Amino acid sequence: MGLLRRLVLLLAALRAAALTVLITGGNGGIGTELAVEFAKAGHSVISACRGRSAHVHERLVEEQLEARVRIILGLDVLDDAKTDAFFDALQAEGVVLDVLVNAAGARLGRVATWQLAVDTYPGTTEPMQLGGLDLKLLGKVFAANAVGPVRVTEAVLKRRLLRSPGGKIAHVSSKLGSIASNTATGQNYAYRMSKSALNAAGKSMAVDLRPQGIAVALLHPGYVATPMTGDRGDLTAAASAAGLYRRIVDDLDLAKSGTFFDTDGSALPW
């Protein structure tokens with residue numbers, strides 16, 4: 001076989017392997033870097049943002065990836081009407097997704113919703129301790145981090161936007177949602193409760209969607225330095241996203257559907 005013929009076949013194979021990926025929370029630290037990772041690998045990305053896109057746009061320009069990522073504003077995971085309108089528009093275009101990544105999370109005003117003890121995790125703003133719980137904030141965090149991904153997934157599935165069989169759904173969760181791991185620090189009620197609920201929803205989705213050939217994963221990104229953590233953490237958003245990308249593309253399949261993955265590929269306890 002001639003060199004030219006081999007190159008043609010290689011390019012055809014690469015095109016066939018390219019995925020269409022939608023990432024919510026597209027302007028956040030992890031959402032932005034996930035868009036970069038997928039685009040660098042040759043995939044087509046829809047970066048779904050609520051009202052701002054300056055950060056993701058800047059990173060795409062830096063990496064010269066603007067052509068592979070389409071930024072769309074207007075997805076508010078807290079709002080039924082806005083969520084429906086967003087996905088109605090994609091349905092009207094005939095979009096078919098291979099991967100849905102729910103990376104949107106709450107950051108309400110100046111209060112980061114990663115509610116950790118300040119003495120353990122410097123840079124956080126409001127430890128959620130018994131006797132001083134902000135119950136209104138707790139409800140808002142739960143609505144964004146637990147109900148929001150379910151709202152988005154429902155909207156996608158109802159419109160048959162996700163490829164079936166073969167589609168994948170990845171929920172960006174947190175180890176703080178692991179009940180079994182909560183043996184020392186406690187506290188952090190809003191964040192822990194919201195991510196535990198997301199884990200429960202994701203596990204049920206894995207069971208319910210298996211007959212359709214759709215795989216579902218819960219992903220812990222690590223303690224990542226983003227605005228949500230006061231820019232403190234053990235990992236950069238780029239390093240975290242690189243690990244999450246591998247979990248979604250390389251590890252997630254029907255055999256591992258329903259797994260709670262750490263960013264390094266190990267399985268976490270519920």
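**Entry 1**

At what angle do helix α2 and α7 pack, and how far apart are their axes? I began here, and I kept in mind that I was looking at a predicted model. I found that α2, which covers residues 29-40, packs against α7 at an angle of about 60°, and the two axes are 8 Å apart. That makes α2 oblique to α7. I also looked up the handedness, and the crossing of these two helices is right-handed.

Next I wanted to know which residues meet. On the α2 side I listed G29, I30, E33, L34, E37 and F38. On the α7 side I listed A237, A238, A241, A242, L244, Y245, I248 and V249. Sorted by class, the contact of α2 with α7 has 11 nonpolar residues, 1 polar residue and 2 charged ones.

**Entry 1: the whole chain**

I stepped back to see the overall inventory. The protein chain has 7 helices and 9 strands. It runs to 270 residues, and 47% of them are buried. I then looked at contacts with a separation of 6 or more, and 69% of those are between residues 24 or more positions apart.

**Entry 2: the sheet**

In what order do the strands of the open sheet lie? I traced 7 strands in the order β3-β2-β1-β4-β7-β8-β9, and their pairing is parallel. The edge strands are β3 (69-73) and β9 (259-262), each of which pairs on one side only. From one strand to the next, the twist averages 20°.

Strand β1 (residues 20-24) runs parallel to strand β2 (residues 44-49), and 5 bridges join them. As an example, I followed V21 across to its bridge partner in β2, which is V45.

Then I checked which helices lie against the sheet. Helix α3 (residues 54-63) packs on it and touches β2 and β3, with a direction about 170° from that of β3. Helix α7 (residues 237-251), my helix from the first entry, packs on the sheet too. I saw that α7 touches β4 (99-102), β7 (168-172), β8 (215-220) and β9, and that its direction makes about 160° with that of β8.

How closely do the axes of α5 and α6 approach, and at what angle do they cross? I read off that they come within 7 Å and cross at roughly 20°. That makes α5 roughly parallel to α6, since angles under 35 degrees count as roughly parallel. I noted a right-handed crossing for this pair.

I wrote down the residues that meet here as well. From α5 they are L138, V141, F142, N145, A146, P149, V150, T153 and L157. From α6 they are Y189, A190, Y191, M193, S194, K195, A197, L198, A201, M205 and L209. By class, this contact has 16 nonpolar, 3 polar and 1 charged residues.

**Entry 3: some backbone details in the loops**

I went through the loops next. S164 and P165 are joined by a cis peptide bond, with omega about 0°. I placed P165 in the loop between α5 (135-158) and β7.

Then I looked at Q187, which has a positive phi of about 50° although it is not a glycine. The neighbour I checked next, N188, also has a positive value, with phi near 55°, and N188 is a residue other than glycine. I found Q187 in the loop between β7 and α6 (189-209), and N188 is in the loop between β7 and α6 as well.

Is N188 buried or exposed? I looked it up, and N188 is buried, with a relative accessible area of 3%. Q187 is partly exposed, with a relative accessible area of 25%.

I ended with D98, which is found in the loop between α4 (80-93) and β4. At 9% relative accessibility, D98 counts as buried, because buried means under 20%.

Which residues does D98 contact, leaving aside its neighbours within four places in sequence? I listed A18, L19, T20, L162, R163, G166, G167 and K168. I took T20 for a distance check: T20 and D98 are 78 residues apart along the chain, yet their C-alpha atoms are separated by 5.3 Å.

Conventions: Residues are numbered from 1 along each chain as its sequence is written. This is a predicted model: local features need pLDDT of at least 70, side-chain atom pairs count only at pLDDT 80 or more; totals for chains, interfaces and linings use all residues. Side-chain values use heavy atoms; hydrogens and water are left out. Two strands pair if DSSP finds at least two bridges between them. Helices (H or I, at least four residues) and strands (E, at least two) are DSSP runs, numbered from the N terminus. Axes are lines fitted to C-alpha atoms, for helices over the stretch in contact, and angles run from 0 to 180 degrees between N-to-C directions. Contact means heavy atoms within 4.5 Å. Buried means under 20% relative accessible area, exposed over 50%, partly exposed in between (1.4 Å probe, protein chains only). Angles under 35 degrees count as roughly parallel, over 145 as roughly antiparallel, 65 to 115 as roughly perpendicular and the rest as oblique. A crossing is left-handed if the near helix is turned anticlockwise from the far one by less than a right angle, and right-handed if clockwise. Ala, Val, Leu, Ile, Met, Phe, Trp, Tyr, Cys and Pro count as nonpolar, Asp, Glu, Lys and Arg as charged, and the others, Gly among them, as polar.
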